[in-house]
Amino acid sequence: MPTASASIFFPSPPPYPPPAILTKNPSRCHVIPRMSLNQSPSTGPKRSSSASSSSSSLLASITNLLWGPSLPPGLLIATVRTAWETTWQLMMAQLAPSDTSGTYTRPISQFRATKISANNLHLYVGLPCPWAHRTLIVRALKGLENAVPVSIAGPGSDGSWEFREKPKAENETLNPGLDKANGCRTLKEVYRMKRGGYNGRSTVPMLWDAEKKEVLCNESFDIIEIFNSGLNELAENPELDLSPPLLKRKIEEWNSIIYPNVNNGVYRCGFAQSQKAYDKAVEDLFSTLDLLDDHLGHSRYLCGENLTLADVCLFTTLIRFDLVYNVLFKCTKKKLLEYDNLHGYMRDIYQIPKVSATCNFTAIMDGYYKTLFPLNPGSIRPTIPTSCYHEALSVPSERRSLPFLGRIEQVSA
């Protein structure tokens, strides 16, 4: 979602492995100007509610005088529609760059890392972002909360990531707040502090060296691999391995399917700028969800009986599916709730100790519905589906009884 001078939380992580895949399909979440028609210039005074009301009354009086209770003349409607479609195309070009067919294409991650020093690390995230959510889950499961402090940014009025204290709602453990490492007002300011400066996209997640004042990595899969096996001397749960050597190839195979068709697939649907691009993205998305649902009918997790990084990467998209992607991104063919195995699998992961605490549904919905102006001009946030309530997600899935039949050959389908 990007331009070099902008920044927003919607991402781009590649599946995982093959370096070729990571190079072509980089990942991360960046924040882009909100571009709201109600947004006042940052240097100008805000309009008062009374002034806004007066303007609305005046507009209503003029339109009533011109054509009474009837619809505006057809020529006016056509003119406004053409103007809006042109403006939408311009905004979408900035929000979600596309190729000549109108297919959304992701920029590459600028900061990559496989090994880092374990000292003075700090993690920057945004709660709406599925790529940043991955890092929060692995950080929690490995017991790295004390070793790797976190600062949580939220979308500002212009859509960029900013740090501002916000009261916690009931049952929420993670909430947007202040920059605990540098005291900056925005994430862009943090990036600019790196040696040599930086004026590119300011994305989450981002791993920061608090001592050297350096950006270490902003590629989500690199970060979760580092958290999984690179910081065991600091982890409270070092014995947990979400990417054991014997399963690495299977993890790579699953990620090579899940990333382009599901993780990035929902964005290809939502940010498509042509009917052809949208139709292709929808077909890829739901054929892959069908494949996954079938596979999970005989396997508790993607690679067998144990949770892996592939499951973490899939989960952060699934947990947002009925909340956001089904509606806002036009992924309307089926709800996740209609997939018995996928929905049970998602609940199974949600119920793993510490995972649910990383899910802030209010922040997720606000981050999409109130920030992506070209997709939701009114910025109205719909109500949370009852199937996404904590109580509903906490209903046991009974997936523990599933035998693992090892039929990973379906990955090549």
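Which residue in β8 stands opposite tryptophan 208? Valine 215 in β8 stands opposite tryptophan 208.

**Notes to all views.** This is a predicted model, in which local features need pLDDT of at least 70 and side-chain atom pairs count only at pLDDT 80 or more, while totals for chains, interfaces and linings use all residues. Residues are numbered from 1 along each chain as its sequence is written, and side-chain values use heavy atoms, with hydrogens and water left out.

**View 1. Overall content of the protein.** The protein has 13 helices and 8 strands. Helices (H or I, at least four residues) and strands (E, at least two) are DSSP runs, numbered from the N terminus. Of the 413 residues in the protein, 54% are buried. Buried means under 20% relative accessible area, exposed means over 50%, and partly exposed lies in between (1.4 Å probe, protein chains only). Among contacts between residues at least 6 apart in sequence, 73% join residues at least 24 apart; a contact means heavy atoms within 4.5 Å.

**View 2. The five-stranded open sheet.** The sheet is open, has 5 strands in the order β5-β4-β3-β7-β8, and its pairing is mixed. Two strands pair if DSSP finds at least two bridges between them. The edges are taken by β5 and β8 (214–217), each with a single partner strand, so one side of each is left without a neighbour in the sheet. Helix α6 packs on the sheet and touches β3, β7 (206–209) and β8. The direction of α6 makes about 60 degrees with that of β7.

View 3. In strand β4 (residues 150–155), 5 of the 6 residues are buried, so the strand is largely enclosed by the rest of the structure. Strand β3 (residues 121–126) runs parallel to β4, and 4 bridges join the two. The chain passes from β3 through α4 to β4 in a right-handed β-α-β crossover. Right-handed here means that, with the strands pointing away from the viewer, the path from the first strand over the helix to the second runs clockwise. Valine 125 stands opposite isoleucine 152 in β4, and leucine 123 stands opposite valine 150 in β4. Strand β5 (residues 161–162) is antiparallel to β4 and is joined to it by 2 bridges. Tryptophan 161 in β5 is the bridge partner of proline 155. The hairpin of β4 and β5 has 5 residues between the strands, and glycine 159 in its turn has a positive phi of about 95 degrees.

**View 4. Strand β7 and its partners.** In a regular strand the side chains alternate between the two faces of the sheet. Both faces of β7 are covered: Met206 and Trp208 are buried on one side, as are Leu207 and Asp209 on the other. Strands β3 and β7 run antiparallel and are joined by 4 bridges, with tyrosine 124 opposite methionine 206 in β7. Strands β7 and β8 are also antiparallel, joined by 3 bridges. The hairpin of β7 and β8 has 4 residues between the strands, and lysine 213 takes a positive phi near 55 degrees there.

**View 5. Packing of α4 on α6.** The axes of helix α4 (residues 130–142) and helix α6 (residues 220–230) come within 9 Å and cross at roughly 0 degrees. Axes are lines fitted to C-alpha atoms, for helices over the stretch in contact, and angles run from 0 to 180 degrees between N-to-C directions. The two helices, α4 and α6, are therefore roughly parallel to each other; angles under 35 degrees count as such. On the α4 side the contact holds Trp131, Arg134, Thr135, Val138, Arg139 and Lys142, which meet Ser220, Phe221, Ile223, Ile224, Phe227 and Asn228 in α6. The residues of this contact divide into 6 nonpolar, 3 polar and 3 charged. Ala, Val, Leu, Ile, Met, Phe, Trp, Tyr, Cys and Pro count as nonpolar, Asp, Glu, Lys and Arg as charged, and the others, Gly among them, as polar.

View 6. The peptide bond from valine 204 to proline 205 is cis, with omega near 0 degrees. Proline 205 lies in the loop between β6 (203–204) and β7. Asparagine 120, in the loop between α3 (74–95) and β3, has a positive phi near 55 degrees although it is a residue other than glycine. Asparagine 120 counts as partly exposed, at 39% relative accessibility. Lysine 330 is found in the loop between α10 (309–328) and α11 (340–350). Lysine 330 is not a glycine, yet its phi is positive, about 60 degrees. With a relative accessible area of 39%, lysine 330 is partly exposed.

Technical notes:
Angles under 35 degrees count as roughly parallel, over 145 as roughly antiparallel, 65 to 115 as roughly perpendicular and the rest as oblique.
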